[in-house]
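The sequence and the structure come first.

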Amino acid sequence: MPELILSLRERELSRFSITATRTTIGRDPSCDVVIDNAGISRLHAAIEAVGDSFLLRDCDSQNGITLNGEPCREGRLVHGDIVGMNKFLLRFSNQALEAPTNLKADGDKPRANRPKDVQRTVHVDAEAAQQLAEMAKQHIAKKRAELAALGGESLPPQQKPERPAPPASEPMQWEEPAGSGTSVAMWVGAVVLGGALLAALLFVVF
C-alpha cells in the first residue's frame with residue numbers, strides 16, 4: 001500500500017498509509033497527515049489519485065513545498081520522491097507500484113492518528129537556541145544565588161546556654177551566741193532598777 005513517511009532531520013516521526021483518493025497534509029487536526037508546526041499551513045498540500053498516478057498539489061500554502069529539492073506547485077509522485085515542507089520531509093513510498101485503484105472516497109476514508117512526536121515539536125534556529133541557552137544559564141545562576149542567600153538565612157539560630165537556676169534561699173535562722181541569755185537578763189534588770197530609782201526620785205521631789 002502506498003504510504004508517506006514523515007521525518008525531521010533524518011529522524012523518522014510517523015508513517016501514513018494512502019487509502020483515499022485525496023490525502024490532505026497540514027497543521028489542522030482534520031488533515032490526514034497532521035504536522036503541528038507554525039511553518040506548516042492549516043491545509044498545506046494534498047495528494048490526489050488521478051488516473052493511474054498520484055499527483056502532489058500545493059494548496060496555496062504560505063511557505064510552499066518542494067519536490068526532490070525543487071520548488072513545486074504540482075507534480076507527479078513516484079516511489080522514493082521526497083516532498084519538503086518547511087523543515088519536514090515526506091517520502092513517498094510505493095514499492096509495489098500500486099495504481100491508485102479501489103481507493104476510498106473522502107467521506108469513507110479513516111482519519112490517521114495525530115503523530116504524538118510531531119505535535120510536541122518546537123523548532124528554533126541556531127541564534128534563537130543560543131539566546132535561549134544564555135537565558136537558561138542566567139536563570140540558573142540567579143536561582144543558585146537565591147538559594148545560597150536563603151541557605152544562609154535559614155541556618156538555625158544559635159541557642160544560648162541556659163544558666164542554672166539559683167538555689168532556693170533557705171530561711172535565715174537567728175542563732176544566739178552562747179551566754180546571750182545571761183547578758184539579756186542583766187540588761188533587763190538594769191533597766192528595771194533604773195526605772196525604779198527614777199520613780200523614787202520624782203516622788204521625793206514632788
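Does Glu 48 count as buried or exposed, and what is its relative accessibility? Glu 48 counts as buried, at 19% relative accessibility. Buried means under 20% relative accessible area, exposed means over 50%, and partly exposed lies in between (1.4 Å probe, protein chains only).

The model is predicted: local features need pLDDT of at least 70, side-chain atom pairs count only at pLDDT 80 or more, and totals for chains, interfaces and linings use all residues. Residues are numbered from 1 along each chain as its sequence is written, and side-chain values use heavy atoms, with hydrogens and water left out.

**Charged pairs**

The structure holds 8 salt bridges, a salt bridge being a side-chain nitrogen of Lys or Arg within 4 Å of a carboxyl oxygen of Asp or Glu.

| Pair | Closest N and O atoms |
|---|---|
| Arg 15 and Glu 3 | 2.7 Å |
| Arg 15 and Glu 12 | 2.8 Å |
| Glu 48 and Arg 22 | 3.2 Å |

In the pair of Glu 48 and Arg 22, Glu 48 lies in strand S5 and Arg 22 in strand S3, so parts 26 residues apart in sequence are tied together. Arg 22 is partly exposed, with a relative accessible area of 25%. Salt bridges that share partners join Arg 22, Glu 48, Arg 57 and Glu 74 into one network.

Arg 15 forms a salt bridge with Glu 3; because Arg 15 lies in strand S2 and Glu 3 in strand S1, the pair ties together parts 12 residues apart in sequence. Arg 15 is partly exposed at 43% relative accessibility, whereas Glu 3 is buried at 17%. Glu 12, which also forms a salt bridge with Arg 15, is partly exposed with a relative accessible area of 43%.

**Strands and sheet**

Strands are DSSP runs (E, at least two residues), numbered from the N terminus, and two strands pair if DSSP finds at least two bridges between them. An open sheet of 6 strands has the order S2-S1-S11-S10-S7-S8, with antiparallel pairing. S2 and strand S8 (70–72) stand at the edges with a single partner strand each, so one side of each has no neighbour in the sheet. S1 and S2 are joined by 6 bridges, and Glu 3 has Ser 17 in S2 as its bridge partner.

Strand S3 (residues 22–26) has 4 of its 5 residues buried. It runs antiparallel to S5, with 4 bridges, and Thr 23 has Ile 47 as its bridge partner there. S3 also runs parallel to strand S4 (residues 33–34), with 2 bridges; Ile 25 stands opposite Val 33 in S4.

**Nonpolar core**

A nonpolar core is a set of buried Ala, Val, Leu, Ile, Met, Phe, Trp, Tyr and Cys residues joined through side-chain atoms within 4.5 Å. The largest one has 23 residues, and Leu 4, Ile 25, Leu 56, Leu 77, Met 85 and Leu 90 have the most contacts inside it. Among the elements that give two or more residues to this core are strands S1 (3–8), S6 (53–58) and S11 (88–93). Beyond its neighbours within four places in sequence, Leu 4 is in contact with residues including Ile 25, Val 33, Ile 47 and Leu 90, contact meaning heavy atoms within 4.5 Å.

**Cysteines**

With a disulfide taken as a pair of cysteine sulfur atoms within 2.5 Å, the count is 0. Cys 31 is in no disulfide, and the nearest cysteine sulfur, that of Cys 59, is 8.6 Å away. That distance is too far for a bond. Cys 31 is buried, at 4% relative accessibility.
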